[in-house]
Amino acid sequence: MLTLGAFAQTKTITGTVKNKADGIPIPGITITLDGTFKGSVSDLDGKYSISASTGDVLTFSYLGFATSKVKVTANSSTINVGMSEELNTLNEVVVMGSTIRTTRKEMGNAVTSIKSSDLVKTQPNGLASALQGKIAGAQITQNSGDPSGGFSIKLRGTSSILGGSDPLYVIDGVVISNSSANISNPEIGGNTNLVIGQNRTSDINPNDIESVEVLNGGAAAAIYGSRAANGVVIISTKKGKAGKDSYTFSTSLVVNSLRKKLDVNLVNKQFEIPAASGALFPITGFPASSATTVPVSRGLNQAGVPQGLTNMDTRLKNVTRYDFQDDIFTTGIGTDTYFSVAGGNTNTKYFASVGYLENGGIVKNTDFKRLGLNLKVQNKINEKLSASFGVNYVTSRSEDKPDGNVFYSPMNSSTINNNIYDISTRDGNGNLLAVDPGRVNPLSVIETFKFGQQTDRVIANVLLNYKPFKNFNADFIVGLDNFNQKGFGFIPRFPYAPVNVGTYNDGFVSETDNKVYQLNNDLNLRYVWNISKDFTATTYAGYNVQYYRDKLFSVQGRDLKPFIENINAANTIIGGSASSAETNYNLWGVYLQETFGYKNKLFVTAAIRQDASTIFSADVRRQIYPKVSGSYVLSSEEFMKDSKVSTARLRASWGESGNLTAIGAYSRFTNYSTGNLFGQTSFTLAGNSRGNLGLIPERNVSYEVGADFGFFNDRLTLSGTYYKADIKDLLLRVQAAPSTGATSSIENLGEMTNKGLEFTVKGIVVKSEDFNVEIYGNMSRNRNEVTKLNQPFFLLDSNPAGAPIAVQLNRPVGTYFGSYYARNPDGSLLLMPDGLPQTERGNTATGVIQRNANGQPFGDVLNKEIGDPNPDFIYAFGTNVNYKKWGLSVLLDGVSGGDIWDADYRTRQGTGAGQLVAQELRGELPRGYVYSIYNIQEFRIVDGSYLKLREVSINYSFGKMNNFFEDFTINLSGRNLYSWDKFTSYDPEVNSGGQSAVARYNFGTIPIPRTVALALKFKF
């Protein structure tokens, strides 16, 4: 009895865990006592302490290291462990769905995994900015430089014309909305995709994220079916760990500034123009005298004879020119403060955090504030059942200005005014003065306009995990995403005249409420069957149910009463603006997936999913989505054992997925609007569109093949993928026959293809105890082609910039189709007799160019494809360097090719503030040059290529300072520091087309700022 008692006596085991390769202590190692709930975690010096008995087995585990087991002996009191890094990325666990995980080697698809440390090096204020440059095949665009941002993510090209191309977002199993509802500028109207303000990923604090998995292709087809056509972004947030409580506090000072200032016309001269025309569009071709009988024209006189711009007045008068940029932009100051606590034991673990962000904009009087509270609790009820609960509450408020797509945004109001006014001049009462006739003084927008939104959001989940017997587990999850948005807009009466009626000369006010409720319920079952020593089978099965509800109410008014800034100020409610809309739809699906493994080196997966959505009619809403994939770990073969290739894998997959974004919940119906006709209620077709009950979801049929290689024990890794995606049943709006009583309807008539290549490379160049150097890069190329249409060509809905965005058969989607320069056979410009460029002309029915006896163009203006917004390829490369306690990270990313419709560049020339005007005033360009090219649409097409110094971070870690602070790190970082480009305006990355899948143009959008941040981080 004494012997047994002594044998079972509990004692304290202490020790240090170090990296076997370099001897550096490893913090965060989980130490568990096999067969019990007991556990511990190593501290920042790698030290740990745990109670154990002789004969117990301690398990040491940590992501990125091979698990180690050590048995406690009678003489054990100190156990030091050296752990080996598991460089083989094929053994990494990848999150595939709400609660579904697998190893990378089992997958036949390319999946990008990004860890927390790689997301927050440069203090990004949102998820999308943190992902830029880190995902092969992803075109991540910051549409606007607003403080709250406005991003779009496109994986492997455009996949819809009427819908969006943003991926599905899932956080801890909760399917969340990334809505970009226009609630602060409802007066814009028109195409609802053309929203460039904040979207709802701005609510996510990157500091709370543990990892992100990006599924580019059909990897998630079985799990997400009709929602997976655009790819899936799966976000896992931080969790508690057993052991001593750990605390993290960080705070940073953020400075935003204008990265690039435009060269504007500062020549203090102007061409003489009639006094009645004021200063508006001074480049217009006014005749030299009233005796001129032939009016000035762009290439043709009244008789249709090409003769150039005749008799343009060349007289100059003195003016004073100003640089409005000094009045519009400022240096935005912000802070980002974060505190978290994590801890628990083997039974119960918890994680809680609070974060507060204040981001000052580079346009005066704009900012974004966000407060977030996050709590996650995990509890092991017994050996078979565990539960977790998470809730994230976010409240944010933005103070904005109208951002593009309207003439009274800060950028547009300065662009469409001639810069001969001192816009800061005031009258005796302190009121700003008028500028160009009908225009708005830009400082009125800065000082008196009030636009923005308040958002309150809750993302919550409850997860139950049940393991009734060995190799089987069931996960049941309920996820909630609920947010309320209140948008507001206010324009006071202008103290000067004239101001255009369309710019609300008598004032404007709007209020918009948007409530979104989204609930998902998932059940995932998993069973692993070890058939024999060589064969395994893993079965996944489950269902998903999603409920979506939103309700939007908006009202707008004008002719304002004084001293009131809400809707009560309006004497006149704008006709048709008071509206209420509700959207309700349900989505449900079941799936079955089977993965067979042979000798842990060959894996074959087959899956099938059935989905249904109430967006579509009952008899066509059930859709089947199959999937097949295979993975072969070539490096596991005997003939590869002595090779310098440490990892080699071949993979392939084929699958189908759907897209539900192209139409609304009720678009299949014929909807009616009410009106009044001779005092009686009348009904008209809403949008003059006829319904179609036979609509089905767009379908993405894709395959990919790829390979992954590792050399020198995976210190150098290479990965390559070729893919092709055929989008079928493309939804298009088509012209309806007059006999139907409608002008259009939506039908499944189109097809489109995306195909391309993706490459990634990563290398550890130097690895030692004091010095480490890592380099990495990625590049991708996508080719889009419209392969089927009901007609050879059509233009998409109009946009405020006038960009002629086209869909053409056998061409990429979204090309620009418009008028172009007349050219000689050698490609040089065919000039007018007075040496000026001109528009090409000819027979519009045949497209044939025509020349008169003098070799000059004649006929009607011709149109053709003048640009393609789709990039040739996108790329990124960077390095991480560590020397003792110093760290340096650098990331550059870029786009090669891709044309942009730069409406702002053209407008600056027309109003007199552009550099071409300066050249014409100085005589460097012939008189009439700007006027001659102003309406040639090719003039607005510019190259959108760029290479950006996206991220730079320098940090120094002081390590453990005393018994209280485990670590203290100081970090200096920058984002968007420099751009190598030839863009004619501020930034080729911005896009006034916003969330539109195809539109890309620059029209009054706030440029992306240069950001510098100084951060302090404490661990204790």
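Visitor: Is helix α8 (residues 903–911) largely enclosed by the rest of the structure or exposed, and how many of its residues are buried?

Guide: A word on the source first: this is a predicted model, where local features need pLDDT of at least 70, side-chain atom pairs count only at pLDDT 80 or more, and totals for chains, interfaces and linings use all residues. Residues are numbered from 1 along each chain as its sequence is written, and side-chain values use heavy atoms, leaving out hydrogens and water. Buried means under 20% relative accessible area (1.4 Å probe, protein chains only). In α8, nine of the nine residues are buried, so the helix is largely enclosed by the rest of the structure. Among them are Tyr905, Arg906 and Arg908.

Visitor: What do the buried residues of α8 pack against?

Guide: Look for contacts, meaning heavy atoms within 4.5 Å. The partners are the helices α6 (410–415), α9 (915–921) and α10 (929–933), together with the strands β49 (899–902) and β53 (1001–1002). Helices (H or I, at least four residues) and strands (E, at least two) are DSSP runs, numbered from the N terminus.

Visitor: Which residue caps the N-terminal end of α8?

Guide: Aspartate 902 does, with a side-chain oxygen 3.4 Å from the backbone nitrogen of aspartate 904. Just after the helix, glycine 912 has a positive phi of about 105 degrees.

Visitor: And how many helices and strands does the protein chain have?

Guide: The count is 10 helices and 54 strands. Buried residues account for 55% of the chain's 1020 residues.

Terms used
Buried < 20%, exposed > 50% of the residue type's maximum accessible area, 1.4 Å probe, protein only. Polar contact = N/O pair within 3.5 Å; in protein donor to acceptor, adjacent residues only side chain to side chain.
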